[in-house]
Amino acid sequence: MLKWPLRKESHKGTKIRPTNKKPHDSQLIWKSFSEGFNKRRIIREFVIPLTISLLAILLLFVSNITVTEVLLKIKEINSQVAPLIAIQTGFNMTCLSLITSFNKDKNTFSKVQESEKDSVLKQLISSFAYCVFIQTGILIFGVVYNIILEGLLGLDYLKNVNQTLKEILVFVFFIPWLSIILHSFMVFLRNVTLIYKFILVSVKKQ
């Protein structure tokens, strides 16, 4: 009978245990980013983007738009938001450098309790890092989508798929994709406010 290698006993009779897996960097960013969640943030950053996406897809559905036209609309959205997202990504990365330089020699969070300073700093940095992470993914996926769209529309296999099924799949894809884009914009707007407050506090400390 074969034995699992990790369960094999050593010469001293002790079992070899698998090493503990460390959480992925994205999980660490999300953990710090989500610590500051409240009702207002959840509504602004998640509920509003999802609501706008549902209204948009409902409008497209009522206007009897075809599946091909929806796919082309998504391509157009990707092309239009790409320059804006690239600028916002650069802004967020600059803010991360700014926060690091300002907080290096100055006690910016002097009014915060000592036990909460690390948590506040992590939440501040994670908000910008999270936005960079999400928006970089949007840029990459948007470019890939625009490249393969023409080939996807030309597949004979997809032409034979039931029309109703194609509409459901496209609409189901459209809702989360537009929601993610709008979500990133909402987080970016919050970051603008955060860096504004951070600079004001840092200047007052001088």
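## Basis of the description

Helices (H or I, at least four residues) and strands (E, at least two) are DSSP runs, numbered from the N terminus. Glu-45, for instance, lies in helix α2. The structure is a predicted model, in which local features need pLDDT of at least 70 and side-chain atom pairs count only at pLDDT 80 or more, while totals for chains, interfaces and linings use all residues. Residues are numbered from 1 along each chain as its sequence is written, and side-chain values use heavy atoms, with hydrogens and water left out.

## Overall architecture

The protein chain has 6 helices and 0 strands. Read from the N terminus, its elements follow the order α-α-α-α-α-α. Of the 206 residues in the protein chain, 31% are buried; here buried means under 20% relative accessible area, exposed means over 50%, and partly exposed lies in between (1.4 Å probe, protein chains only).

Contact means heavy atoms within 4.5 Å. Among the contacts in the protein chain between residues at least 6 apart in sequence, 84% join residues at least 24 apart.

## Helix α6

Helix α6 comprises 42 residues, 163-204. The expected span of a helix is 1.5 Å times one less than its number of residues. For α6 this gives 62 Å, and the end C-alpha atoms are 62 Å apart, which agrees. At the start of α6, a side-chain oxygen of Asn-162 comes to within 2.9 Å of the backbone nitrogen of Thr-164. This pair is a polar contact, a term for N or O atoms within 3.5 Å; within protein, one atom must be able to donate a hydrogen and the other to accept it, and residues adjacent in sequence count only if both atoms are side-chain atoms.

Leu-178 is found in α6 and is buried, because its relative accessible area is 12%. Leu-178 and Ser-53 are 125 residues apart along the chain, yet their C-alpha atoms are separated by 5.9 Å. Residues up to four places away in sequence not counted, Leu-178 touches Ser-53 and Ala-56. Val-192 also belongs to helix α6; at 33% relative accessibility, Val-192 counts as partly exposed. A distance of 8.8 Å separates the C-alpha atoms of Val-192 and Asn-92, which are 100 residues apart along the chain.

## Nonpolar cores

A nonpolar core is a set of buried Ala, Val, Leu, Ile, Met, Phe, Trp, Tyr and Cys residues joined through side-chain atoms within 4.5 Å. The largest has 21 residues, and those with the most contacts inside it are Val-70 and Phe-174. At least two residues of this core come from each of α2 (39-62), α3 (67-105), α4 (117-153) and α6. The largest share, 9 residues, is supplied by α6.

Leaving aside neighbours within four places in sequence, Val-70 is in contact with Ile-65, Val-170, Phe-171 and Phe-174.

## The cavity

On a 1 Å grid over the protein atoms alone, a cavity is a set of points where a 1.4 Å probe fits but cannot get out, and lining residues have an atom within 4 Å of a point. Grid points are joined across faces, edges and corners, and a volume is the space filled by probe spheres set on the points. The structure holds 1 cavity of 30 Å³ or more. About 30 Å³ of space lies in the largest cavity.

The lining of the largest cavity consists of Asn-78, Val-81, Ala-82, Ile-138, Leu-139, Gly-142, Val-143 and Trp-177. Both α3 and α4 supply at least two residues of this lining, and α4 gives the most, with 4 residues.

## Individual residues

Glu-45 counts as buried because its relative accessibility is 0%. Leaving aside neighbours within four places in sequence, Glu-45 is in contact with Phe-33, Phe-37, His-183, Met-186, Val-187 and Arg-190. Phe-141, found in helix α4, is partly exposed, with a relative accessible area of 38%. Phe-141 is in contact with Phe-173 and Trp-177, leaving aside neighbours within four places in sequence. Phe-141 and Asn-78 are 63 residues apart in sequence and 9.1 Å apart in space, C-alpha to C-alpha.

Asn-64 is found in the loop between α2 and α3 and is exposed, with a relative accessible area of 65%. Most residues other than glycine have a negative phi. Asn-64, although not a glycine, has a positive phi of about 60 degrees.

Conventions
On a 1 Å grid over the protein atoms alone, a cavity is a set of points where a 1.4 Å probe fits but cannot get out, and a pocket is an open set with protein on both sides within 12 Å along at least five of seven lines; lining residues have an atom within 4 Å of a point.
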